[in-house]
Every structure is written in structure tokens, then in C-alpha cells.
Amino acid sequence: MDCEDEVMLTVRIGAAERALLRSLARDRGGDVSEVAVDGLLDVIPALDGDAAVLRLRRVLARPAPCAVTLWLPAPVADLLPLLGERLSRTGGPSAGPASAALSAALRLWLAADPAALAAALARLRCGRGTRPGPAVAGLRATRAA
């Protein structure tokens, strides 16, 4: 992709979320931006309605000490200001709505079971194996503790 086809955004996530994102990328043989894009494509369609906006606002209220820079294809990045605007209108953060929307949507997606995330990524990648890799299995055990 050319630079003009991609947008760079920084997302704020928790340390465990960052570890899971990196683990999913490592298991796929890709990078965190690819996993984040696939995650957004998986979660954004489900973010319709006031209940979804409330869930996003709850996610944003939790501390997120880690900054991760992501490269998104322009068509995916174009969806984020719309979601950010919706968050702002319902009392969400008004500064950096696209970045806040990206953070919230990604964190909401990463809150799912790691095995389910690995399966969703496999489905998005044309059905390549749905068995989670060893790093995802280890994170599932860590989360349960």
C-alpha cells in the first residue's frame, strides 16, 4: 500500500490488551496493525445503537496506559470519525474522536475470549486454521487466574 492509502493513529490500550494484540499478531505471522484492522472489521458492524455507544464509553472510562501506533487502510480509518462523533454527542470524549473511537472499539474487541478472537481472525483470513496458537492459550490461562 502507498502511504496515501493508509492513516496512522495512536491508540491507548491496557498492558494486557497490548500483550494480547501482539500475541495474536505473532500467532498470525502479521503485525499489530493488521490484527487491529481485522478486529475493527469484526467489531464495528456490531456497534449500532445506543447500547453499543454506552459499552464503548464504559471501555473508555477504564485506564489505558499504553500507546500503540497503528496503520489503518484509509477506508477503515474513514469509519472512525463517524463513530467518534457519535461518542462525542452522547457525552463521550470530545478530544481526538477518531483516536478515542479506535481505542474504544479495539479494546471492546480485545475484551473477548482470546480463542474467540483467534477464530474470528481465522474466519476473516479465509478460514485458515481456527486453533489458537500457544501464546493465545497462555493468555487465556492468565486471564482466568
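Reader: At roughly what angle do the axes of H2 and helix H7 (residues 114-124) cross, and within what distance do the axes come?

Author: In this predicted model, the axes of H2 and H7 come within 10 Å and cross at roughly 90 degrees. Crossing angles from 65 to 115 degrees count as roughly perpendicular, and that makes H2 roughly perpendicular to H7.

Reader: Which residues in H2 and H7 meet?

Author: From H2 come Val35, Asp38 and Asp42, which meet Ala120, Leu121 and Leu124 in H7. By class, the residues of this contact of H2 with H7 comprise 4 nonpolar and 2 charged, with no polar ones.

Reader: Where does H2 run, and how do the axes of H1 and H2 cross?

Author: Helix H2 covers residues 32-43 and helix H1 covers residues 15-28, and their axes come within 8 Å of each other while crossing at roughly 105 degrees. H1 and H2 are therefore roughly perpendicular to each other. On the H1 side the contact is made by Leu21, Arg22, Leu24, Ala25 and Arg28, and on the H2 side by Val32, Glu34, Val35, Ala36 and Asp38. Sorted by class, the residues of the contact of H1 with H2 are 6 nonpolar and 4 charged, with no polar ones.

Reader: How many residues apart along the chain are arginine 22 and valine 32, and what distance separates their C-alpha atoms?

Author: Arginine 22 and valine 32 lie 10 residues apart along the chain, and their C-alpha atoms are separated by 5.9 Å. Arginine 22 is part of helix H1, and with a relative accessibility of 45% it counts as partly exposed.

Reader: Which residues in H2 are buried?

Author: Burial here is judged by relative accessible area, with under 20% as the cut-off. In H2 the buried residues are Ser33, Val35, Ala36, Val37, Asp38, Gly39, Leu40 and Val43. Val35 and Asp38, which are buried, are also among the H2 residues that meet H7.

Reader: Is serine 103 buried or exposed, and which residues does it touch?

Author: Serine 103 counts as buried, because its relative accessibility is 4%. It is found in helix H6, which spans residues 97-110, and, leaving aside residues up to four places away in sequence, serine 103 touches Val11, Arg12 and Leu60.

Reader: Where is glutamate 85 found, and how far apart in space are glutamate 85 and alanine 100?

Author: Glutamate 85 is found in helix H5, residues 79-89, and at 44% relative accessibility it counts as partly exposed. Glutamate 85 and alanine 100 are 15 residues apart in sequence, and in space they are 10.0 Å apart, C-alpha to C-alpha.

Reader: How many helices and strands does the chain have, and what pattern does it follow?

Author: The chain comes to 8 helices and 2 strands, and its pattern along the sequence reads β-α-α-α-β-α-α-α-α-α. Of the 145 residues in the chain, 41% are buried. Among contacts in the chain with a separation of 6 or more, 78% are accounted for by residues 24 or more positions apart.

Methods
Residues are numbered from 1 along each chain as its sequence is written. This is a predicted model: local features need pLDDT of at least 70, side-chain atom pairs count only at pLDDT 80 or more; totals for chains, interfaces and linings use all residues. Side-chain values use heavy atoms; hydrogens and water are left out. Axes are lines fitted to C-alpha atoms, for helices over the stretch in contact, and angles run from 0 to 180 degrees between N-to-C directions. Helices (H or I, at least four residues) and strands (E, at least two) are DSSP runs, numbered from the N terminus. Angles under 35 degrees count as roughly parallel, over 145 as roughly antiparallel, 65 to 115 as roughly perpendicular and the rest as oblique. Contact means heavy atoms within 4.5 Å. Ala, Val, Leu, Ile, Met, Phe, Trp, Tyr, Cys and Pro count as nonpolar, Asp, Glu, Lys and Arg as charged, and the others, Gly among them, as polar. Buried means under 20% relative accessible area, exposed over 50%, partly exposed in between (1.4 Å probe, protein chains only).
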